Amino acid sequence: MTDCEIAVVGGGIAGASIASALVEHLAAGAVCVLEMEDSPGYHTTGRSAALFSKTYGPAPVRALSRASEHFFKHPPDGFSDYPLLAPRGMLVTARQDQEDALSRMVEELAPSEHVQVITEPQARQLCPLLRRGYATRFLWDDHAQDIDVHALHQGFLRRVRACGGSLWCNAEVTAIARDGHGWQIETTAGDVRAGLIVNAAGAWADEIARLAGAVPVGLRPLRRSAAIIRAPAGIDLSAMRMVIDVEEQFYLKPEAGTLLISPADETLSEPCDAQPDELDIALSVDRIERAFELRVRRIERKWAGLRSFVADGVPVAGFDPEIDGFFWLAGQGGYGIQTAPALGQLAAALVLGHPPASDFTDNGVIETDFSPGRLSRAM
Ligand SMILES: Cc1cc2nc3c(=O)[nH]c(=O)nc-3n(C[C@H](O)[C@H](O)[C@H](O)COP(=O)(O)OP(=O)(O)OC[C@H]3O[C@@H](n4cnc5c(N)ncnc54)[C@H](O)[C@@H]3O)c2cc1C
């Protein structure tokens, strides 16, 4: 039996970010991250589109993204050998039948965000592949950036180890029981006794809650597929921007000399090792060929991942209202990478009972927006 103060269940970006923020304030050996896979980025964290956009998601998510930007641009010394962000830019397209959706988006984002409505010729300069006449309105977000997800995730985990925390891989949590004032946790790599559990188990977070006797928050893991295709010859991908449909029916993003495409599907799934569905990939190809001047001859690679949401689409970070010593960090949906620096810090402050940092409040982060108590829950 290993003793620690805090056991974090899940070594994805959520578990890694909170553990990295916690170890700074606690003694060596206090934090232990339990991950069921060989590799902590195996599930959703390793399957994202790696985009940072302050215009994406509901208002509390946008606040977290704004509050994360400083960390991305100025990570602590030694955090990563590479920049965490690289310029990209995001073009939102609307067909004639989607113009109202674009107007609503403009209204919601203006005036605080760095977005502007542009013309079709301007849009085609940003993405020469765009099919002429396909879309009628365009919104340009010049602040969207690519995230080096691997560098971010590994940076967090390196800090955990450097400050005396531990990461157990192949350690699936199979049972959780109260042990005096704390918890006894059975894992496939041995048992752990901890004062407090952080539930950062991604799509499995409701299952971990059930093991601990907590009421689930109603997580809905939604499968999203993506594929890599070859770019047409003669296109300068380094200057090309990401393009996303205003109603998220597809997106296309340059990716290391190729193109990443997705039908932006959201199919309800059990927590699992998600696999892409052939129909979703075919749908993706169809939508991409309609919107862009390109023929998809071959899929080079494809994958799927689970984006897990609660009812209001806002992440859950806070102590369970009924079960002592059980902390939730779940429901990051499609924003878990870009919000990880701020959400990890906020969650750690809540665990430790510290006041929120001033850059949270300055950026409009309100901790009660994330409280599990806001959700109506059922066993
Ligand atoms: C196609 C796609 C595109 C995306 N694009 C973006 C994007 O551009 N920008 C962005 O910010 N976000 C994006 N996301 C969302 C982002 O990837 C997620 O929000 C984020 O990765 C969630 O991180 P997590 O740590 O909660 O989950 P995970 O990475 O799934 O981590 C949870 C971990 O818990 C572990 N676990 C589960 N059960 C147990 C157990 N019983 N015992 C021990 N360990 C357990 C799992 O093995 C897993 O490693 C995208 C997601 C997908 C699928």
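Entry 1, a salt bridge. I started with aspartate 146, which forms a salt bridge with arginine 88, and the closest N and O atoms are 2.9 Å apart. The pair ties together distant parts of the chain: aspartate 146 sits in strand E8, arginine 88 in the loop between E4 and strand E5 (90-94), and 58 residues separate them. My criterion was a side-chain nitrogen of Lys or Arg within 4 Å of a carboxyl oxygen of Asp or Glu. By this rule I get 22 salt bridges.

Housekeeping before I go on. This is a predicted model, so I note that local features need pLDDT of at least 70 and side-chain atom pairs count only at pLDDT 80 or more, while totals for chains, interfaces and linings use all residues. Residues are numbered from 1 along each chain as its sequence is written, and side-chain values use heavy atoms, with hydrogens and water left out.

Entry 2, the sheet around E8. Helices (H or I, at least four residues) and strands (E, at least two) are DSSP runs, numbered from the N terminus. Two strands pair if DSSP finds at least two bridges between them. I found three strands in an open sheet, ordered E3-E8-E4, with antiparallel pairing. Strand E3 (51-52) and strand E4 (85-87) are the edges, each pairing on one side only. E4 and strand E8 (residues 145-147) run antiparallel and are joined by three bridges. I looked up leucine 85 too: its bridge partner in E8 is isoleucine 147.

Strand E10 (residues 173-179) pairs with strand E11 (residues 182-187) in the antiparallel sense, over six bridges. Those two form a hairpin with two residues between them, and glycine 180 in the turn has a positive phi of about 60°. Alanine 177 has glutamine 184 as its bridge partner in E11. Another hairpin, again through two residues, joins E11 to E12. Here five bridges join E11 to strand E12 (residues 190-199), and the two run antiparallel. Glutamine 184 turns up again, with arginine 193 as its bridge partner in E12.

Which residues come nearest to the ligand? Of the 37 around it, they are Glu35, Thr45, Leu51, Gly333 and Gln338; "near" means a heavy atom within 4 Å. I then checked ligand oxygen atoms against polar backbone atoms: one is 2.8 Å from glycine 333, one is 3.0 Å from alanine 14, and one is 3.0 Å from isoleucine 337. The protein covers 97% of the 1,000 Å² of accessible area that the ligand has on its own (Shrake-Rupley method, 1.4 Å probe). Helix H1 (13-23) and strand E18 (299-309) are the elements that give two or more residues to the shell. At least three shell residues come from each of domain 1 (2-67 + 149-219 + 312-374) and domain 2 (90-142 + 220-309); the bounds are from an automatic or database domain assignment.

Technical notes: A polar contact is a pair of N or O atoms within 3.5 Å; within protein, one must be able to donate a hydrogen and the other to accept it, and residues adjacent in sequence count only if both atoms are side-chain atoms.
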